[in-house]
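Have the model open while you read.

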Amino acid sequence: MTEVTSAKSARRPHHWRRDLIELAALFSAVALADVVANLVVHAPDGPVLLITAAVALACTAGFHIWWSQRHSHAPPTEPPVGAPSTGGRPVPVEQDEEEEMPRPDTALWRLRTTVRDEPGSLAVLCTALARNRVDILTLQTHPLADGTVDEFLLRAPGAFTAQQLAHEVAEAGGHETWIERADAHDLVDTPTRVIGLATRTALDTAELPLALRQLLGRCTIHSVPAVTADGAPAGAETPAESALEETVMRLRDPSGGVITVERPYLPFTPTEFARARALVDLDARLGPRMPRSQDVFTLPEGNEITVRRAGPDDAKAARALHDRCSERTLRLRYHGPVADADRYLAHLLSPRFGRTLAVQTASGRIVGLGHLLWDGDETEVALLVEDDWQRRGIGSELLGRLVALAVEAGCDSVYAVTQASNTGMVAAMRGLGLPLDYQVEEGTLVITARLAGAPTRSRLPYEEPHVQPYEPSYDARQELP
């Protein structure tokens, strides 16, 4: 509406004097033409009079053009209100047409490079990017002792390659450059992202490893306890203080032991180290915590059971579940005989090493456990269902929810280790409807599911009281152990 009003206000009012002058000029031209025709035909100096008439007609036409441009069609001396300034130059038509054209294809890039800590170094780099029509969306600076690491989120033309980008950065004085493709998730500014990660860590102890991974990018995280379940030293020396060694961080685990973060492809900066240490300190101050919400669903035969998060406080009930399971069920779960489950449960139920979902009956007895375990930069899923509750869809329900948790955590894949004879676990993995890879070695079967096509959730399943369960595309209930 504003553009239409501005265009209308730019038109000049219509004057009756202009029409009168044009009409008089037309009559004068007709009369002059009649006089010239008579003189040319009857006078002896006809050719001279004809040339003179032509000159007079040309002068009249020139005067008319000048008068029209000055009083009717000349561009306004001031732009209409709201119009962009052009510095006194008329805007060509091609510019308006270019603004209406669709935006060309672009690509998002994450760029990190080191520049000299001198005035103007960053300006030279920004100028080089602008020269190639590369838009800087966000910029972070990480001061070092002898330079500055600048981290950019860029929008570049679609045809602009990583090699061209690296060349331009090197020409502008950048070195130790690292480039990778980005996506829309990277458009969130860093303070907002860090606050979100801190909030998730404050709500759930199990979020700390995930928050560190999302904060630092692609990295490998190992949590090593101070002692094993048998009370023997774990072999990892607990540092007196958190330490940074270029591509390796060693952070004091609030629950004891050490958290090691490795990123071989890109050294950590002191700023990243400070952020990671702040998250660990927050976890230490808040102490153990876990969401207590739960989800009730109905089995095919009509029984209602509850799915909830499980933790160290459930060790006694989990041990009772193991005692009620047959040797065959335990052998399929742990790939061999199990003499004492206590040495497994301390690790499996710890939120530092993953997440555990428990299935309990109306009486409060746990009849099934599902584990999602962080294994460095990989993720393992494992199931245990009591014999009397097998073949009712509990294992399929647990596995679907664990996969949903893995997707929410940003995992690329999950794997299950079982025996080749465990047809129930094989059927459950097939029931996910995801691409699967199989690897068999001496009777041990490793099934890996790629999560690229798995559905995502905006909230964790145990945080939604009436969330619909993950529905497998293949009914494996009758084959589950």
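## A pair at the strand ends

Arg450 is partly exposed, at 39% relative accessibility; that label covers the range between buried (under 20% relative accessible area) and exposed (over 50%), using a 1.4 Å probe and protein chains only. Its partner is Asp437: the two side chains meet in a salt bridge, 2.8 Å from N to O. Arg450 sits in strand β16 (residues 444-450) and Asp437 in strand β15 (residues 436-441), so the pair ties together parts that are 13 residues apart in sequence. Asp437 is partly exposed too, with a relative accessible area of 36%.

## Where the model comes from

A word on the ground rules: this is a predicted model, where local features need pLDDT of at least 70 and side-chain atom pairs count only at pLDDT 80 or more, while totals for chains, interfaces and linings use all residues. Residues are numbered from 1 along each chain as its sequence is written, and side-chain values use heavy atoms, with hydrogens and water left out.

Helices (H or I, at least four residues) and strands (E, at least two) are DSSP runs, numbered from the N terminus.

## More salt bridges

A salt bridge here is a side-chain nitrogen of Lys or Arg within 4 Å of a carboxyl oxygen of Asp or Glu. By that rule the count comes to 22.

Take Glu151 and Arg110, whose closest N and O atoms are 3.0 Å apart in a salt bridge. This pair links distant parts of the chain, with Glu151 in strand β3 (residues 148-157) and Arg110 in strand β1 (residues 106-115), 41 residues apart. Glu151 counts as buried, at 10% relative accessibility. Both belong to a salt-bridge network that also takes in Arg112, Glu180, Arg218, Arg263 and Glu272.

Arg324 and Glu386 also pair up, at 3.1 Å from N to O. Arg324 is in helix α10 (residues 315-324) and Glu386 in the loop between β13 (378-385) and α13 (394-408), 62 residues apart. Glu386 is buried at 3%, whereas Arg324 is partly exposed at 30%.

Now for β11 (residues 354-360): seven of its seven residues are buried. Side chains in a regular strand alternate between the two faces of the sheet. In β11 both faces are covered, with Gly354, Thr356, Ala358 and Gln360 on one side and Arg355, Leu357 and Val359 on the other.

Which strands flank it? Strands count as paired if DSSP finds at least two bridges between them. Ala358 is the bridge partner of Arg308 and stands opposite Leu369 in β12. β11 and β12 form a hairpin with five residues between them, and Gly364 in the turn has a positive phi of about 95 degrees.
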